[in-house]
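Please look over the sequence and the three-dimensional structure shown here before reading on. The report is meant to be read alongside them.

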Amino acid sequence: MPQKISPRKIKIDQQDIPFSEGQSIMEAAEQAGVYIPHLCHKAGYKAHGSCRLCTVKASGRWVSACTEPAEVGLQVENNSSELQSQRRAIVQLLFAEGNHHCPFCEKSGNCQLQAVAYSLDMHDAHFAHQFPHRTLDASHPEVLLDRDRCIQCELCVRASKEHDKKNVFALSGRGPHTQLIVNSESGKLKDSEIEKDDEAIKVCPTGALMNRSKPFSVPIGQRQFDNIPIDQQSTGKSGNNEAQP
Amino acid sequence: MDTNSDSNLLKALEAESWSLISDNALNRFQRSPHHALQMLIYLQAALGYIPPALQRQIARDLQLPITHIQGLVAFYFFLSAEKLGTYRIYISNNITDKMLDAATLTECLCQQLNVSLGCPREDEKVYIEQTSCIGLSDQGPSCLINGLSIPSLNEERIRQIVSLIESDTELSLWPKSLFETSDSIQRKGWLLDNTTSPGESLRQALKIGDEKSLALLEKSALRGRGGAGFPTAKKWRFCKGTPAEKHVVVCNADEGEPGTFKDRVLLRQHCDLILEGMTICARLIGAELGFIYLRAEYLNLLPDLEKTLQKWRDNNLLGQAILGNEGFNFDIEIHLGAGAYICGEESALIESLEGKRGIPRNRPPFPVSEGYLSYPTVVNNVETFAMAARIFGKEGDSFSQLGTEQSKGTKLLSISGDTPKPGIYEFPWGVTIQEIILASGAKNTYFVQVGGPAGELLDQSQFKRTLCYEDVATGGSFMIFNAERNPLEIILNFTQFFAHESCGFCTPCRVGTQLNHQLFEKISTQGAAPSDIEKLEELNLLMDRFSHCGLGKTASHIVKQGLAQFHKKLKPGDDNWSPDFDLDKSLSTARKLRIIDTGAN
Ligand SMILES: Cc1cc2nc3c(=O)[nH]c(=O)nc-3n(C[C@H](O)[C@H](O)[C@H](O)COP(=O)(O)O)c2cc1C
Ligand code: SF4
Ligand code: SF4
């Protein structure tokens with residue numbers, strides 16, 4: 001990255017973190033190798049701010065690190081036990097809201113949702129499971145959309161639009177009825193412009209969108225988050241968790 | 001073929017002439033994708049629904065992804081992809097309506113029409129559903145029929161409605177008296193006593209010049225009346241100070257806070273003042289483009305608003321070279337909402353104006369620097385614009401002699417609930433809760449809810465508190481409850497409201513509002529287990545801190561206040577305890593557990 005180190009700094013948990021004009025707290029943190037838990041954020045894509053996992057306390061205000069601009073002198077509380085336990089509750093809400101069955105899921109071990117849950121020491125969903133009725137789209141020979149596992153982060157929406165230049169996905173509905181829909185006459189993946197190597201599939205932090213052409217090519221136990229927790233992996237790479245061939 | 005009338009559109013619908021219908025809608029709205037929502041609202045009214053094939057056609061014609069149109073139809077409550085019925089009835093389910101026995105009347109209506117709530121009748125004639133407060137709490141129970149409001153429902157009116165429907169009487173032929181709403185102004189003050197004639201304030205602003213006008217507004221210390229209380233002059237200055245090709249003025253007439261109806265009355269009685277406030281704002285910030293975002297529930301106000309706008313244009317108070325001032329061009333367009341409380345939040349409102357789902361934006365940037373189509377935009381409440389105009393009128397300077405240190409002037413309150421005189425009350429800020437209750441003639445008041453479900457629940461011990469930004473701030477909803485009311489039922493009504501109105505963008509609110517409501521439902525029917533209370537407290541903090549916008553941040557305040565004030569009714573006691581695990585209920589969900597969609601492959 002072409003970066004001239006600027007003298008502008010924020011403090012995250014007592015540590016001085018430099019930043020340059022226009023960066024968010026998240027971008028400054030990632031650049032310095034400081035991990036702030038997140039799901040809907042991915043370097044290179046427009047900040048979204050929907051999962052709220054990266055909420056920090058910045059000079060007394062609760063803000064999402066991915067959308068809040070870094071400003072000289074900002075004092076950021078990130079890795080405190082209070083924040084971590086509230087973030088755990090956010091992940092629990094996501095687990096309670098969808099239908100997540102990690103032991104049967106092809107994404108297990110490469111899934112950021114699962115990895116973040118482990119890293120935040122989550123043992124159960126805590127809140128009442130909602131058991132939503134959502135439809136599965138298995139119409140495409142190479143791409144699977146399992147809405148049960150979708151956390152509505154809109155990374156695929158952004159990637160398909162900004163990177164793949166296709167606009168295959170969008171969120172529809174409202175409140176608990178929010179769901180991912182597919183841009184095609186039939187509403188099915190098979191009639192859309194999706195292709196198995198689209199960035200839209202790779203960015204999905206859960207097992208909702210998957211390339212089905214190489215199932216289980218990396219055995220369980222050797223996957224991205226199986227041995228090294230997500231918080232210890234290079235933060236810039238943490239979103240890049242497509243199933244490796 | 002001429003498709004200018006609804007009946008021609010209906011014929012086209014029968015013939016499935018999608019492109020004809022789409023063309024008609026597009027032509028009405030400048031074929032602009034930013035008017036996509038307005039087109040859908042128009043078609044929903046004309047056809048009763050927007051079939052999927054038509055949605056696809058509109059998307060193609062507007063060169064938008066199909067998902068964009070589908071997303072709109074599924075987001076806005078009053079739009080539907082399925083045919084619901086020739087007569088679509090939405091019954092207001094605010095707590096004040098419930099207190100007037102809306103439930104029994106609803107049942108009555110359903111029974112007589114032989115239809116169940118939320119299910120279209122087989123002959124596709126009638127559909128009955130509940131909706132959030134429609135802004136008629138002073139004359140409830142009330143409902144909307146094909147978008148038009150009917151107040152003061154009672155058994156007699158229900159019978160009348162039923163017979164009109166069963167005799168296939170066209171809505172335009174229904175007795176006008178059914179749709180007559182009253183403006184029930186109970187207490188006038190500085191604003192409602194206004195005698196300034198239309199154009200006078202604008203002339204005054206033009207006479208003293210832009211800088212002096214802004215200074216005048218600054219000196220008045222007017223703050224936003226929509227709830228947040230931001231200094232109005234400061235907002236206008238920020239916007240003016242952002243260089244851009246265009247600037248925009250938006251009047252927020254979404255008035256979605258349950259129990260509020262003061263903007264409705266202002267729009268009817270003081271529309272000139274509102275337009276004048278917007279026009280003065282346009283002059284001061286250099287805007288040419290203006291919008292009124294009118295909630296769907298106020299469709300009945302639209303014809304008169306359009307007439308007043310036309311009158312303003314005819315009098316050169318709007319349009320080109322306003323009042324002969326070269327270069328002062330400004331006009332106002334009305335956009336309708338389509339049933340989404342969140343669209344009252346200013347950035348969601350702007351998204352909606354742009355023809356999108358009403359999802360609140362990330363801030364910064366704030367609308368004053370990047371608003372409608374990225375132009376610097378002032379968004380103010382209806383009452384704020386009216387007051388701004390009034391400040392430039394006769395004895396406008398008396399404004400700041402009223403009120404308190406931090407809260408100058410007066411405030412309009414919408415008072416409803418257990419009072420013999422519901423309606424609009426204008427008070428100077430600083431009035432005590434007790435004084436308000438007294439003025440309304442309410443007896444035996446147990447507690448009041450100020451500022452709607454997101455506001456404050458005050459019991460008798462707090463009636464000495466004062467209404468002002470420093471103490472009890474409010475957008476204007478004031479609901480009164482007497483000792484016979486069950487607080488649990490009221491809180492449950494509010495948790496249901498938020499669960500229904502969460503936009504679904506962010507995790508804590510999307511899931512939290514559902515859980516809040518489920519937990520409260522359980523507590524109010526079966527009593528509380530200690531873990532229920534813990535979970536509610538946990539959710540409250542989480543939503544307050546982690547939510548993306550004001551809706552989620554405030555949605556569980558009511559639960560917190562309820563827990564604090566009615567703990568005896570809520571906290572587990574010997575006779576009031578049940579486990580949070582309901583075996584039967586759990587099994588019922590397991591029984592319904594997902595069967596893989598056979599149509600998926
Ligand atoms: C969930 C939510 C709903 C809102 N609804 C309204 C509304 O119906 N009318 C309104 O004027 N302001 C509403 N607001 C406040 C607006 O965001 C905004 O602050 C206001 O329109 C600014 O105008 P003012 O400065 O004149 O008050 C709402 C805010 C939130 C968070
Ligand atoms: S499919 Fe994946 S990337 Fe897309 S919204 Fe759902 S969780 Fe996010
Ligand atoms: S707090 Fe609620 S209404 Fe606001 S963005 Fe989040 S989900 Fe939407």
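## Basis of the model

This is a predicted model, in which local features need pLDDT of at least 70 and side-chain atom pairs count only at pLDDT 80 or more, while totals for chains, interfaces and linings use all residues. Residues are numbered from 1 along each chain as its sequence is written, chains are lettered from A and ligands numbered from 1 in the order in which they are written, and side-chain values use heavy atoms, with hydrogens and water left out.

## Where chains A and B meet

In the interface, 51 residues of chain A are in contact with 50 residues of chain B, contact meaning heavy atoms within 4.5 Å. The two chains bury about 4,200 Å² between them, 55% of it on carbon and sulfur atoms; buried area is the accessible area (1.4 Å probe) that two parts lose on being put together, summed over both.

Between chain A and chain B there are 5 salt bridges, a salt bridge being a side-chain nitrogen of Lys or Arg within 4 Å of a carboxyl oxygen of Asp or Glu. A:Glu185 forms one with B:Arg60, with the closest N and O atoms 2.7 Å apart, and A:Glu185 also meets B:Arg56 in a salt bridge (3.3 Å, N to O). The latter pair crosses between chains, from B:Arg56 in helix α4 (residues 52-62) of chain B to A:Glu185 in the loop between β9 and α5 (199-202) of chain A; helices (H or I, at least four residues) and strands (E, at least two) are DSSP runs, numbered from the N terminus.

## Surroundings of the ligands

A residue is taken to be around a ligand if one of its heavy atoms lies within 4 Å of it. The residues around ligand 2 include A:Cys150, A:Cys153, A:Cys156 and A:Cys204, and by class this shell has 9 nonpolar, 2 polar and 1 charged residues. Here Ala, Val, Leu, Ile, Met, Phe, Trp, Tyr, Cys and Pro count as nonpolar, Asp, Glu, Lys and Arg as charged, and the others, Gly among them, as polar.

Around ligand 3 there are 13 residues, of which B:Cys503, B:Cys506, B:Cys509, B:Cys549 and B:Gly552 come nearest. The shell of ligand 3 has 8 nonpolar, 5 polar and no charged residues.

## Buried positions

A:Leu120 lies in the loop between α3 (112-119) and β6 (136-137) of chain A and is buried, with a relative accessible area of 4%; buried means under 20% relative accessible area, exposed over 50%, and partly exposed in between (1.4 Å probe, protein chains only). Leaving aside neighbours within four places in sequence, A:Leu120 is in contact with residues including A:Pro37, A:Leu53 and A:Val91.

In chain B, B:Gln38 belongs to helix α3 (residues 36-47) and is buried at a relative accessible area of 6%. Helix α12 (residues 262-269) of chain B is largely enclosed by the rest of the structure, because 6 of its 8 residues are buried, among them B:Lys262, B:Asp263 and B:Arg264.

## Salt bridges within the chains

Over all chains, the structure holds 46 salt bridges. One of them joins B:Glu383 and B:Lys411, whose closest N and O atoms are 2.6 Å apart; this pair links helix α16 (residues 382-391) to strand β10 (residues 410-417) of chain B, the two residues being 28 apart, and both B:Glu383 and B:Lys411 are buried.

In chain A, A:Asp16 forms a salt bridge with A:Lys11 at 3.1 Å between the closest N and O atoms. A:Asp16 is partly exposed at 43% relative accessibility, and A:Lys11 is partly exposed at 27%.
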